[in-house]
Amino acid sequence: MDCGKQQPDDIFVCDEEFEAKWSRFSDWLHCICVVTFDLELGQAMERVYPPGVQLSDQEKCNICYLAFPDSNSGCMGDTQFHVRLRSRAPLTPQQLIYNEDSVSTLRADPTHYWGFVYFRQVKDTTLPRGYFQKSIILLTRLPFINLYYKVIQLIAPRHFEDGESSLEAACHDINRWPELNSGQNVLLPVLGSVFQSYIPNQQTGKVTRSDIVKQVHSSNVPHIIVCIQDVNVFDALSSLISHLHLLWELVLTAEPIVVMASSPTECSALVQALTFLIQPLPYSAEYRPYFTIHDSEFKEFTRKQFNPPYVILGVTNPFFTKTLQHWPHTIKLGDSTPVKTKLRKVGSIKHLDSAPGVYTQYKPYLEKDKAIIKKLHNGIRTDRPSEVQTAMVKRHLLELTQSFMIPLERYMASLMPLQKNISPFRSPPVPNPFNPEDFFTSLQQAGPQLTSGIKGDWIGLYKNFFRTPNFSTWFHERHSDLTNKLQTLQLEALAESDLKEWSVGKKEVEIVDMILKLRDVLKNNPPVADNTRTLLARRLDDLNCVLQDDMKAILNAAT
């Protein structure tokens, strides 16, 4: 394996010249890699575009191994799939700004790259092995699955036909894309084609924009992407529909799952579909749509002396059948399984080699909604379009997830201290502690039964959920929201207060302390409206007026 040589893994050189030239490209893509097969070296990094992109040696090795299907897959022709791999490089400044108002499931990933792979393997008698084997990989921090699959479908074949010049041209085109922001329509030109889509923000959510749905009457805008991330969940899950509610619970509770398939296309599609089952709640545990035995995290994920980690792995190498047999949940897809084939739920791992199925001893907390399963099976039998089937699956699971989360959202809101306890002259109070028993008590009057007809042990499911990364990520975000809201209310109260009157009878050290606090608040861009910020500046002036001249001079000198 030739991964190329560069700086040590943990060192990312800040190249000001590169950033100045490629800043817009770097917001949308990290780089485009070309990986080929070398008789002596195996998979080898042939080129990275644009020149000067920083990749650690470890990242290069992982990319090379992930760029090709396992040899047992027998993928001939063109194969597409996607991967995720860890990264220690920071997000760009614009990606950080974008994340502040982005939908949680569309944020730039601070810890992982997404890789969109286009692999070609065709017979070529002029080559020593008799085959042409090469992959093009788009590496990005953005989970815009629909968009990047379309882009790689366009630029990879052009590279195979035209060579380096096409990828260089694509990089320059992407470098002219608009600034990365949420809540905007975007026109994205690449190699003579233009993709049009809409990036939702926290206000618009996933509402489809009517101006995106309408075809723009222009020969330059042929590619309308209604949803920049959407995944056809039904196509990936069609053979598992009978186990839809079981899979929803496994994903919600971040159970370790291994997906075994014959190709990276199949396993990456199913892994991605699984993570979408609990939307709009983000899946916050680790997941790898396609994973190989050469991955740098192989030992971490497969060691047997500890419980399996919170991770969903997509694999194709039969070696994983034994390596991961201690994992509690395995989904095995059949070779070229027809869409209409239903998989069996099997309880014993011993049958794993012989039969496709969902292998688990897990006992669901909730009963299955047989009505929706029957509708979906009828749809399979009558050849209902997969887009309609996907819409039915998503709507049902959205309602189920919301029924589960709304009581938590309501209870979290109740942890907000009363506004009368917020003083303009003291630090803002902290949210009240989360008490599971108090939450369970609240379910008697305002539980999931109000919005869902599904029966079962909801409290048991909540208890299992509370130990997961999905809960901890949600909780920390909501707790942060409450903390920021309390800070905003306290600052608004301070902005409206009469600090001249407050200062009467106060010691000079107390006044100075308040001045320093106000300066610090204004310097750190507080989460308040502009008029409140203006009022806070006036309150600072008010306090400066009551200080003695010598103290003013000392404070001014200090700043």
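Reply: Happy to! Keep in mind that this is a predicted model. The chain exposes about 26,500 Å², and carbon and sulfur atoms supply 51% of that area.

Me: How many helices and strands are there in the chain?
Reply: There are 20 helices and 14 strands.

Me: And what share of the residues counts as buried?
Reply: Of the 559 residues in the chain, 52% count as buried. On the contact side, take the pairs of residues at least 6 apart in sequence: 72% of those contacts join residues at least 24 apart.

Me: Let's zoom in. Where does F195 lie?
Reply: F195 is in strand β7, which covers residues 193-199.

Me: Buried or exposed?
Reply: F195 is buried, because its relative accessible area is 2% and the cut-off for buried is under 20%.

Me: Which residues does F195 touch?
Reply: Leaving out residues up to four places away in sequence, F195 touches L147, K150, V151, L154, V186, L187, L188, V190, H223 and I225. Take K150 from that list: F195 and K150 are 45 residues apart in sequence, with 8.6 Å between their C-alpha atoms.

Me: Switching to helices. What can you tell me about α1?
Reply: Helix α1 runs over residues 16-28, so it has 13 residues and should span 18 Å at 1.5 Å a residue. Its end C-alpha atoms are 18 Å apart, which agrees. There is also a bend of about 80° at W22.

Me: Which residues of α1 are buried?
Reply: F18, W22, F25, S26, D27 and W28 are buried in α1.

Me: Why would residues three or four places apart in a helix point the same way?
Reply: An α-helix has 3.6 residues a turn, so residues with that spacing point the same way.

Me: How about α8, how many of its residues are buried?
Reply: Helix α8 (residues 244-252) is mostly covered, with 9 of its 9 residues buried. Just after α8, A254 takes a positive phi of about 55°.

Me: New topic: how many aromatic pairs does the structure hold?
Reply: It holds 41 aromatic pairs. One of them is F116 with Y148: the ring centres are 5.5 Å apart and the planes sit at 40°, so this pair is tilted.

Me: What does that pair tie together?
Reply: F116 lies in strand β4 (residues 112-123) and Y148 in helix α4 (residues 145-162), so the pair ties together parts that are 32 residues apart in sequence. Both F116 and Y148 are buried.

Me: Last one. Where is S423 found?
Reply: S423 is in the loop between α13 (386-414) and α14 (436-446). S423 counts as buried, at 14% relative accessibility.

Me: And what does its side chain reach?
Reply: The side chain of S423 reaches the backbone nitrogen of F425, at 3.2 Å.

How values were computed:
Residues numbered from 1 in each chain as written. Predicted model: local features only at pLDDT ≥ 70, side-chain atom pairs only at ≥ 80, totals over all residues. Heavy atoms only, no water. Helix = DSSP H or I, 4+ residues; strand = E, 2+ residues; numbered from the N terminus. Buried < 20%, exposed > 50% of the residue type's maximum accessible area, 1.4 Å probe, protein only. Contact = heavy atoms within 4.5 Å. Areas by Shrake-Rupley, 256 points an atom, 1.4 Å probe, with all protein chains shown as cover. Polar contact = N/O pair within 3.5 Å; in protein donor to acceptor, adjacent residues only side chain to side chain. Expected span 1.5 Å × (residues − 1). Bend = angle between axes of the 7 residues up to and from the residue. Phe/Tyr/Trp six-rings, centres within 6.5 Å; stacked < 30°, edge-to-face > 60°.
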